[in-house]
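Subject: Handover of a structure and notes on what was found

Dear colleague,

Please find below the structure that I am handing over to you. I would be grateful if you would read the notes beside it.

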Amino acid sequence: MHSTYKEKETAVLVAVQTQKQNAAQTKEYLDELAFLADTSGIETLYTFTQKLERPDNRTYVGKGRMQDILMYVIDNDVDMIIFDDELSPIQIRNIEAEFAHFQKEVKVLDRSLLILNIFAMRAQTVQARTQVELAQQQYILPRLTRMWTHLSKQRGGVGMRGPGEKELETDRRTANDRISFLKEKLRQIDKQALTQRKNRDRMVRVSLVGYTNVGKSTLMRRLAKADVFAENKLFATVDSTVRKVTIDSIPFLLSDTVGFIRKLPTMLIESFKSTLDEVREADILLHVVDISHPNYEEQIGIVNDTLTEIGAADKPTILVFNKIDKFEVEPETEEKEQDDWEVVHGENPWEEEPKDQASRIQKVTEFLKKSYLHTPQPLAVFISAEQKENLDELRDTVLNLVKSKHIQIFPNWLTTDESYTENTESWAE
């Protein structure tokens with residue numbers, strides 16, 4: 001009997017700890033890189049780090065560390081090396097040359113190519129597939145010389161998925177022609193998308209944004225009561241999803257777009273311009289945050305930087321802190337909160353540990369609300385989309401913002417106007 005089982009490709013991960021990041025941050029970045037690899041179906045065997053002022057221009061890491069990587073990869077027959085930063089064509093060529101001395105062929109991937117591979121796996125619509133291929137071609141173009149020999153053996157697997165062998169093995173002129181063709185194809189798709197968005201101008205538009213894997217799609221399902229794909233993987237959603245939601249007789253459009261991530265490849269942001277238009281043209285943003293993540297504040301900063309880059313940072317925003325059911329209060333912080341509460345109120349509501357999940361979530365919510373009052377931030381709501389906790393508070397907060405925008409569009413709007421609600425059905429199409 002013929003087996004269809006395919007072994008996972010194996011990899012080692014490599015990162016440089018510069019002066020801009022400490023050891024804990026480097027570990028977190030490598031954990032995220034391992035998660036990206038796992039999402040691509042790659043098994044991580046080992047991680048290598050090195051402290052340098054900046055990545056080495058020749059081989060990313062120093063000569064000694066490169067030898068350590070070389071020996072490990074050869075001894076353990078590793079399939080690929082994945083670097084946590086984008087590599088230059090010269091760095092890739094030099095690293096491959098190190099292995100060529102030992103007649104060992106190994107795939108050399110960087111963070112950008114790994115992310116592009118995941119996007120290629122996830123893309124479902126013609127628009128998303130075209131956007132991903134354009135980004136891939138733009139990534140490949142300056143690396144075409146080394147890819148000519150590297151891909152001529154028609155190897156498959158991660159890092160080889162994308163435009164296909166014929167495109168990758170052509171010369172620069174053909175690659176440029178392909179890029180021009182894809183850009184024109186996207187322009188035509190954008191025209192159709194723009195027409196669809198114009199038809200929605202008579203409805204308030206709300207867009208979910210956030211770091212990847214923070215629970216945006218799960219929240220979309222809860223708010224829209226729609227069957228939207230959600231998975232505990234990075235970039236589970238690549239294609240935009242738009243659903244009509246009605247709260248208290250007021251309809252609005254809710255969209256879920258691709259999640260952001262640290263070092264998101266520039267060519268992806270450029271090629272996904274039309275998809276990100278859902279964010280740019282939204283009236284209100286719901287910035288979803290995984291508050292159980294140890295570095296959620298850094299993730300907030302990365303999302304805000306990306307919103308600034310695409311010109312969408314000045315919109316009314318609600319910070320939606322998700323996954324409060326997984327949030328752990330640090331003991332020393334909790335003890336201080338207890339002491340402060342007793343000084344003011346003369347009692348301690350935390351004297352006994354919560355006996356069930358609902359009580360624990362309520363305790364965490366109260367703690368987070370009090371802690372968050374001391375920071376100059378926009379509207380904030382603390383929820384668990386998975387456990388359906390505090391969703392009513394989120395709906396009320398969203399409704400208040402939607403209502404104010406809604407009245408601007410319909411100054412004479414009355415909640416009892418049933419004909420209005422019927423008319424908005426056609427606008428949502």
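Predicted model: local features only at pLDDT ≥ 70, side-chain atom pairs only at ≥ 80, totals over all residues.

Residues are numbered from 1 along each chain as its sequence is written, and side-chain values use heavy atoms, with hydrogens and water left out.

The sheet

Helices (H or I, at least four residues) and strands (E, at least two) are DSSP runs, numbered from the N terminus. Two strands count as paired if DSSP finds at least two bridges between them. On this basis, an open sheet of 4 strands has the order S2-S1-S3-S4, with parallel pairing. Strand S2 (42-51) and strand S4 (107-110) are at the edges with a single partner strand each, so one side of each has no neighbour in the sheet. On average, neighbouring strands here are turned by 25° against each other, direction ignored; axes are lines fitted to C-alpha atoms, for helices over the stretch in contact, and angles run from 0 to 180 degrees between N-to-C directions.

Within this sheet, strand S1 (residues 9-17) pairs with strand S3 (residues 80-83) in the parallel sense over 4 bridges, and Val-14 stands opposite Phe-83 in S3. Helix H1 (residues 23-39) packs on the sheet and touches S1, S2 and S3, where contact means heavy atoms within 4.5 Å. The direction of H1 makes about 155° with that of S1.

The nonpolar cores

A residue is buried under 20% relative accessible area, exposed over 50% and partly exposed in between (1.4 Å probe, protein chains only). A nonpolar core is a set of buried Ala, Val, Leu, Ile, Met, Phe, Trp, Tyr and Cys residues joined through side-chain atoms within 4.5 Å. Which residues touch the most other members of the largest core? They are Ile-82 and Leu-219, in a core of 89 residues. Helix H4 (residues 111-122) gives the largest share of this core, 7 residues. Another core, of 13 residues, lies apart from it and includes Phe-321 and Val-329.

An enclosed strand

All 7 of the 7 residues of strand S5 (residues 204-210) are buried, so S5 is largely enclosed by the rest of the structure. S5 runs parallel to strand S7 (residues 250-256), with 5 bridges joining them, and Arg-205 stands opposite Leu-253 in S7. S5 is also joined by 5 bridges to strand S8 (residues 284-290), again in parallel.

Salt bridges

The structure holds 20 salt bridges, each being a side-chain nitrogen of Lys or Arg within 4 Å of a carboxyl oxygen of Asp or Glu. In one of them, the side chains of Arg-111 and Glu-32 meet at 2.3 Å, N to O. Arg-111 lies in helix H4 and Glu-32 in helix H1, so this pair ties together parts that are 79 residues apart in sequence. Arg-111 is buried, with a relative accessible area of 1%.

Another salt bridge joins Asp-84 and Arg-262 (2.9 Å, N to O). Both Asp-84 and Arg-262 are buried. Salt bridges that share partners link Glu-32, Asp-84, Asp-85, Arg-111, Arg-262 and Lys-263 into one network.

Yours sincerely
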